[in-house]
Amino acid sequence: MTSSTTPRVQFRLRVYRDAGIAIGPGKIALLEAIIEAGSITAAAQQLGMSYRRAWLLVDELNRSLREPAVESAAGGARGGGTVVTNAGLELIRCYRAIEARARAAAADEIATLTAMLAR
């Protein structure tokens with residue numbers, strides 16, 4: 001195990017719907033990777049997951065929302081494509097804003113906790 005002199009604090013917000021996670025850090029990271037990579041396949045590779053796993057996460061996310069976060073077009077002469085919709089973009093924005101607000105609100109407590117760590 002490697003040691004680091006700089007502690008890292010990570011929030012893991014999850015929104016559950018029934019027994020499953022409707023919105024969580026993995027799905028948000030996948031949406032961001034789709035934007036960056038341009039496809040579910042490339043996003044999955046970027047995140048080190050199988051295409052099937054990525055597709056299942058996208059499908060679960062889309063079924064959990066009122067509007068789909070991701071839309072895919074079938075291949076053709078120009079090939080297929082995957083796009084993160086406006087609803088998906090808003091989901092990312094909102095999720096990251098909650099993380100930032102939580103981090104700011106807990107800044108004093110985070111500083112106290114990290115100060116308690118051994119050097």
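Q: In which element is the place of A54?
A: A54 lies in helix α3; helices (H or I, at least four residues) and strands (E, at least two) are DSSP runs, numbered from the N terminus. This is a predicted model, in which local features need pLDDT of at least 70 and side-chain atom pairs count only at pLDDT 80 or more, while totals for chains, interfaces and linings use all residues. Residues are numbered from 1 along each chain as its sequence is written, and side-chain values use heavy atoms, leaving out hydrogens and water.

Q: Is A54 buried or exposed?
A: Buried means under 20% relative accessible area, exposed over 50%, and partly exposed in between (1.4 Å probe, protein chains only). A54 has a relative accessible area of 0%, so A54 is buried.

Q: With which residues is A54 in contact, leaving aside its neighbours within four places in sequence?
A: Contact means heavy atoms within 4.5 Å. With those neighbours set aside, A54 touches L30, I40, A44 and M49.

Q: At what angle do the axes of helix α2 and helix α3 cross?
A: Axes are lines fitted to C-alpha atoms, for helices over the stretch in contact, and angles run from 0 to 180 degrees between N-to-C directions. The axes of α2 (residues 40-47) and α3 (residues 51-64) cross at roughly 110° and come within 9 Å. That makes α2 roughly perpendicular to α3; angles under 35 degrees count as roughly parallel, over 145 as roughly antiparallel, 65 to 115 as roughly perpendicular and the rest as oblique.

Q: Which residues in α2 and α3 meet?
A: From α2, I40, T41 and A44 meet Y51, A54, W55 and V58 of α3. This contact has six nonpolar residues, one polar and no charged; Ala, Val, Leu, Ile, Met, Phe, Trp, Tyr, Cys and Pro count as nonpolar, Asp, Glu, Lys and Arg as charged, and the others, Gly among them, as polar.

Q: How do α1 and α4 pack, and at what angle?
A: The axes of α1 and α4 are 10 Å apart, at an angle of about 130°. These two helices are therefore oblique to each other. P25, I28, A29, L31, E32 and I35 of α1 meet G88, L89, L91, I92, Y95 and R96 of α4. By class, this contact has nine nonpolar, one polar and two charged residues.

Q: How many residues has the largest nonpolar core?
A: In soluble globular proteins, nonpolar side chains tend to be buried together. A nonpolar core is a set of buried Ala, Val, Leu, Ile, Met, Phe, Trp, Tyr and Cys residues joined through side-chain atoms within 4.5 Å. The largest one here has 20 residues, and I23, I28, L30, L31, I34 and V70 have the most contacts inside it. β2 (20-23), α1 (25-37), α2, α3 and α4 (86-105) each supply at least two residues of this core, and its largest share, five residues, comes from α1. Beyond its neighbours within four places in sequence, L31 is in contact with L61, A69, V70, V84, G88, L91 and I92.

Q: What is the phi of D18?
A: Most residues other than glycine have a negative phi. D18 is not a glycine, yet its phi is positive, about 60°. D18 is in the loop between β1 (15-17) and β2, and is exposed, with a relative accessible area of 76%.

Q: How many residues apart in sequence are T6 and T114?
A: T6 and T114 are 108 residues apart in sequence and 9.0 Å apart in space, C-alpha to C-alpha. T6 belongs to the segment before β1, and is exposed at a relative accessible area of 57%.
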